[in-house]
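I opened this notebook to record what I looked up in one structure.

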Amino acid sequence: MISNQKLQNALNEIKEISNHDTALFSAKGRLLASTFEVDGAYEETALDFADAMSDELSVPDYSFFRVVVEGETEYILLMQEKDEHSHVFGRMAVCQIRNLAISYAEQFDRNNFVRNILLGNMLAVDIYSKAKKLHIDSEDRQVFVVDTGKKNIDIALELVKNLSDTRTGDFVTSVDEHSIVLIKSLSSVPEKKRENFAKEVADNLVDNLHMEAMIKVRVGYGNIVSQIQDLTESYQEAKLALEVGRVFYAEYDTISYGKLGIGRLIYQLPMSLCDMYIKEVFGTEIPDILADEEAMSTINKFFENNLNISETARQLYVHRNTLVYRLERIEKAIGLDIRTFDDAMTFRIAVMVIAHMRDAKGLK
């Protein structure tokens, strides 16, 4: 359904071109938009005209026109009778309103079609036939899922639409109360630039939604697909990227399915294997130091600097010997010397496994 504001904009344009006042009613005689003060009597006449058989009706100073879309009366247009050109302007206005309604109906059908593909509600044979009917060609596309955290999703949806280009094959739709899906056409993007392009699109979504609507979002995106029916797969990958990123890479606002690394493997491990691994590394008790923010901050900074003690000490603004003392204290607490590569890897994986276990149990 076209919003009343868009209908009002259309009537304003018609008046600007024709210098004739107009009003638009629903098929049930309800006033939707107008460029002048409409008398209640006109609403009654519009309702009577909607039930009549004729396509046009003339009353003093005005004419009514029926706007038919796909065989059904969608709107009633009231055009001012001002001169010998009024009737022509009225017919032209009917065509403009009709084309606007058809365009919105088609876009609504296309969005519903794409949404059903994403949710896996259509068979492949139905997808092909429907895509042909809606003039949606197979081309390289990529799915981006924007998680708004249930905040101002309507505003976010409009902003994402403004950041996309539906004329080039983009689609924007919402699938639930906190997720917006952008399907980006890559037909004009060279293959060598597509990886960087996807990251730029995701970053652009995050930055614009934060600046324009003050909404902090996270964006996950799947792999590139070339067939329309494979959008389901790219959508599932984008959702998984968000889930894995939430557990293991919370510091990142954007995450690619193709960059999940070991997090993808750990996320799919059953709890029995996770529990077995943690007992193998730490025994029956998880060390308390894992809840120590200072200790974990030191460890993470040490890992960021590839186990380089001097550089880590410099970035933490502590003496080298102070850092060595902290690492020795950590070694005693966890039973692993993270200054060595093997123990560092073992500890890092163990921390990720614990995060996965806590998430599965609904714990922070």
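The entries below follow those topics in turn.

I noted that this is a predicted model, in which local features need pLDDT of at least 70, side-chain atom pairs count only at pLDDT 80 or more, and totals for chains, interfaces and linings use all residues. Residues are numbered from 1 along each chain as its sequence is written, and side-chain values use heavy atoms, with hydrogens and water left out.

Entry 1, aromatic pairs. I found ten aromatic pairs in the structure (ring centres of Phe, Tyr or Trp, the last by its six-membered ring, within 6.5 Å). Phe-36 and Tyr-62 form a stacked pair, 5.2 Å centre to centre with 10 degrees between the planes (stacked means planes under 30 degrees apart). Phe-36 lies in the loop between strand S2 (31-34) and H2, and Tyr-62 in strand S4 (residues 62-69), so the pair ties together parts that are 26 residues apart in sequence. Helices (H or I, at least four residues) and strands (E, at least two) are DSSP runs, numbered from the N terminus.

I located Glu-44 in helix H2 (residues 40-51), and Glu-44 is exposed at 56% relative accessible area. I placed Met-276 in helix H9 (residues 271-282); Met-276 is exposed too, at 52%.

How values were computed:
Buried means under 20% relative accessible area, exposed over 50%, partly exposed in between (1.4 Å probe, protein chains only). Rings of Phe, Tyr and Trp (its six-membered ring) pair if their centres lie within 6.5 Å; planes under 30 degrees apart count as stacked, over 60 as edge-to-face and the rest as tilted.
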